[in-house]
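Please look over the sequence and the model below before reading on. The paragraphs that follow take up a sheet and then a set of charged contacts.

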Amino acid sequence: MKRLLLIALGASTLAYGQDKAPPKHVRFIPLGELPTWAEDLKDGIRVQRKAPPGAVPPGFVTYAGGDQPKTIRLRLRSFSKLASIPGGAGGILLREGKDGSGKEFLKAGMPASGISLGVLFRDPENMTWDNPRLLMLPDDGKSFPLGQMRFVNVSDSTVVIKMAGSKPFGLGPGKTSMKPLKVGSTSIKVGYVPEGGGSKAIWQNNLKLQSGQRMQCFFYKAQGKNPRDAVKFHFAPESVPVPRKKR
């Protein structure tokens with residue numbers, strides 16, 4: 001009897017600890033391109049054809065945010081708002097739509113960091129959003145401070161980066177790297193290593209960073225059978241995300 005009581009008390013304490021655990025704040029950025037434009041002529045009016053299944057991520061997803069499902073919007077190459085996942089949740093579950101009854105879009109474990117960025121990208125084999133991939137990164141000001149530039153490569157190629165004042169460096173698939181970035185304008189050239197070797201440039205310009213900002217830079221696989229460039233590049237200057245305080 002004493003043993004059973006201790007077990008019961010232990011389970012109760014564990015449940016209480018999970019309930020009182022601080023929430024995890026996560027935002028998402030889906031990386032990819034819109035499908036090729038297709039249209040139909042209806043009554044003399046050109047109407048955009050609906051994208052085929054899996055061609056784009058859902059526009060809205062819901063997650064368990066406490067007493068009722070909460071909704072966030074997903075847009076290609078844009079950061080979503082922060083989703084606050086209860087600390088006692090077993091993981092992250094995103095469902096398509098706004099009411100929480102849609103089909104499962106993404107399931108993942110709880111992130112380690114209090115503030116995280118979930119980088120979403122297409123299944124690299126089938127290149128659809130039916131089974132998206134996720135790279136979870138710490139996104140707080142300590143892990144990724146102001147005045148830094150974070151490179152994230154979710155393509156299946158090694159990318160090559162050359163910043164003014166520093167030596168070129170490579171970044172393999174699934175890897176990240178962080179470099180200091182001065183306030184003002186910095187010249188940068190990015191490319192990737194094709195299958196036959198060598199390197200191919202995909203973007204060259206000046207990046208501008210303002211005081212109180214940091215820079216996110218993403219590489220992802222291009223869609224289509226024979227794209228001009230196998231890797232796409234997207235960058236975004238920003239401030240550190242701050243969770244909303246509960247009212």
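In what order do the 4 strands of the open sheet stand, and is their pairing parallel or antiparallel? In this predicted model, the order is E5-E4-E7-E8, and the pairing is antiparallel. Strand E5 (69-73) and strand E8 (104-108) each have a single partner strand, so they form the edges of the sheet and one side of each is left without a neighbour there. From one strand to the next the twist averages 25°. Within the sheet, strand E4 (residues 60-64) is joined to the antiparallel strand E7 (residues 92-96) by 2 bridges, and valine 61 stands opposite glutamate 96 in E7.

The charged contacts come next, and the structure holds 10 salt bridges. In one of them the side chains of arginine 27 and aspartate 139 meet at 2.8 Å, N to O, which links arginine 27 in strand E1 (residues 24-31) to aspartate 139 in the loop between strand E10 (133-138) and strand E11 (148-153), 112 residues apart. Arginine 27 is buried, with a relative accessible area of 6%, and aspartate 139 is buried as well, at 0%.

Arginine 27 also meets the side chain of glutamate 238 in a salt bridge of 2.8 Å, N to O; because glutamate 238 lies in strand E18 (residues 231-238) and arginine 27 in strand E1, this pair ties together parts that are 211 residues apart in sequence. Glutamate 238 is likewise buried, with a relative accessible area of 8%.

Aspartate 156 forms a salt bridge with lysine 221, the closest N and O atoms being 3.4 Å apart. Here aspartate 156 is partly exposed, with a relative accessible area of 47%, and lysine 221 counts as partly exposed at 26%. Finally, salt bridges that share partners join Arg27, Asp139, Arg150, Arg214 and Glu238 into one network.

Notes:
Residues are numbered from 1 along each chain as its sequence is written. This is a predicted model: local features need pLDDT of at least 70, side-chain atom pairs count only at pLDDT 80 or more; totals for chains, interfaces and linings use all residues. Side-chain values use heavy atoms; hydrogens and water are left out. Two strands pair if DSSP finds at least two bridges between them. Axes are lines fitted to C-alpha atoms, for helices over the stretch in contact, and angles run from 0 to 180 degrees between N-to-C directions. A salt bridge is a side-chain nitrogen of Lys or Arg within 4 Å of a carboxyl oxygen of Asp or Glu. Buried means under 20% relative accessible area, exposed over 50%, partly exposed in between (1.4 Å probe, protein chains only).
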